[in-house]
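Good morning, and thank you for coming.

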Amino acid sequence: MSEKWKLPEAEQIELGVKAGLSRKQIGLYAKHCYNFLQMQEIRTALEEHLDEFQIRAMCHPDLSHEEMEAIRRRIEKGETVRIKRSPFWWIGSALLSGFMIFMMFEGYLAAGNNLYLNLKEETAVLEKGEVFEPMKYVSSYSMNADTLRVPSEIDTSHAGRQAAVYTLRKGREELTRILIVEIKEEQDDS
């Protein structure tokens with residue numbers, strides 16, 4: 001079953017494209033785990049050219065948009081933002097890492113089965129009215145994935161820039177790539 005973007009979330013992606021954010025930047029918030037208000041906070045921080053490393057501290061789906069806004073305001077003031085970890089988190093992380101290393105050596109975890117999704121280019125240029133073929137821009141992807149969602153609703157009837165969002169999913173793991181589609185006015189041959 002293909003999961004589509006709700007209108008408010010899709011608008012946040014479009015606003016990022018129109019603001020000139022890169023695919024990588026849009027990829028920070030173009031995830032189905034965020035609601036449109038969370039996406040708006042992350043997009044706003046990116047548009048204000050705040051430090052991307054610190055912005056990642058606010059990129060967590062468990063944070064409300066109000067908490068994200070508070071973090072963004074602290075970054076704007078020049079404060080350093082760090083995610084606080086309890087000693088129990090560090091102990092748990094160490095135990096989990098040890099367990100995963102054990103499982104790899106025992107052969108229970110398959111190394112190298114990471115998801116990948118590669119696009120042929122970052123930007124596609126189409127003429128007004130030309131049909132958008134989403135698979136034409138995919139160079140490779142993980143064949144062991146459960147689903148590959150490709151954009152189906154790219155409107156080429158008017159000039160402008162749009163975001164084509166590709167999402168690859170396997171279990172709970174999700175990988176998103178964004179292709180910027182530029183629609184140009186038709187060239188006059190006369």
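Predicted model: local features only at pLDDT ≥ 70, side-chain atom pairs only at ≥ 80, totals over all residues.

Let me start with a term: a salt bridge is a side-chain nitrogen of Lys or Arg within 4 Å of a carboxyl oxygen of Asp or Glu.

Residues are numbered from 1 along each chain as its sequence is written, and side-chain values use heavy atoms, with hydrogens and water left out.

I turn to the overall layout. The chain contains 6 helices and 6 strands; these are DSSP runs, helices being H or I with at least four residues and strands E with at least two, numbered from the N terminus. In sequence order, the pattern reads α-α-α-α-α-α-β-β-β-β-β-β.

How much of the chain is buried? Of its 190 residues, 35% are buried, where buried means under 20% relative accessible area, exposed means over 50%, and partly exposed lies in between (1.4 Å probe, protein chains only). The accessible surface of the chain is about 12300 Å², and carbon and sulfur atoms account for 52% of that surface. Such areas come from the Shrake-Rupley method with a 1.4 Å probe, and for residues only the protein chains shown count as cover.

A contact means heavy atoms within 4.5 Å. Among contacts between residues at least 6 apart in sequence, 58% join residues at least 24 apart.

Now to the salt bridges, of which the structure holds 10. In one of them, the side chains of Arg72 and Glu41 meet at 2.8 Å, N to O. This pair links distant parts of the chain, since Arg72 belongs to helix α5 (residues 65-76) and Glu41 to helix α3, 31 residues apart. Are these two partners buried or exposed? Arg72 counts as buried because its relative accessible area is 5%, and Glu41 is also buried, at 9% relative accessibility.

A second example is the salt bridge of Glu47 with Arg43, whose closest N and O atoms are 2.7 Å apart. Because they stand 4 residues apart in helix α3, Glu47 and Arg43 are separated by about one helical turn. Glu47 is partly exposed, with a relative accessible area of 28%, whereas Arg43 is buried, at 9%.

In helix α5, Arg73 and Glu69 likewise lie 4 residues apart, about one turn of the helix. Their salt bridge brings the closest N and O atoms to 2.9 Å. Arg73 is partly exposed at 39% relative accessible area, and Glu69 is partly exposed at 26%. Salt bridges that share partners join Glu41, Glu48, Glu69, Arg72, Arg73 and Glu76 into one network.

Helix α3 (residues 36-47) also holds Gln40. Gln40 is partly exposed, at 30% relative accessibility. Its C-alpha atom is separated by 9.6 Å from that of Pro8, which is 32 residues away along the chain.

Let us move to the strands. Glu121 sits in the loop between β1 (117-119) and β2 (123-127). What does Glu121 touch, leaving aside residues up to four places away in sequence? Its contacts are Arg23, Tyr137 and Leu179. Glu121 and Leu179 are 58 residues apart in sequence, yet their C-alpha atoms are 7.5 Å apart. Glu121 is partly exposed, with a relative accessible area of 35%.

Finally, the pockets. On a 1 Å grid over the protein atoms alone, a pocket is an open set of points where a 1.4 Å probe fits, with protein on both sides within 12 Å along at least five of seven lines; lining residues have an atom within 4 Å of a point. Grid points are joined across faces, edges and corners, and a volume is the space filled by probe spheres set on the points.

The largest pocket holds about 490 Å³ of space. Its lining has 21 residues, and the closest to its centre are Trp5, Ala10, Pro151, Ser152 and Glu153. Both α1 (7-18) and β5 (160-170) supply at least two lining residues each.

The second largest pocket has a volume of about 370 Å³. Among its 14 lining residues, Gly27, Lys31, Glu174, Leu175 and Thr176 are the closest to its centre. β6 gives the most to this lining, with 5 residues.
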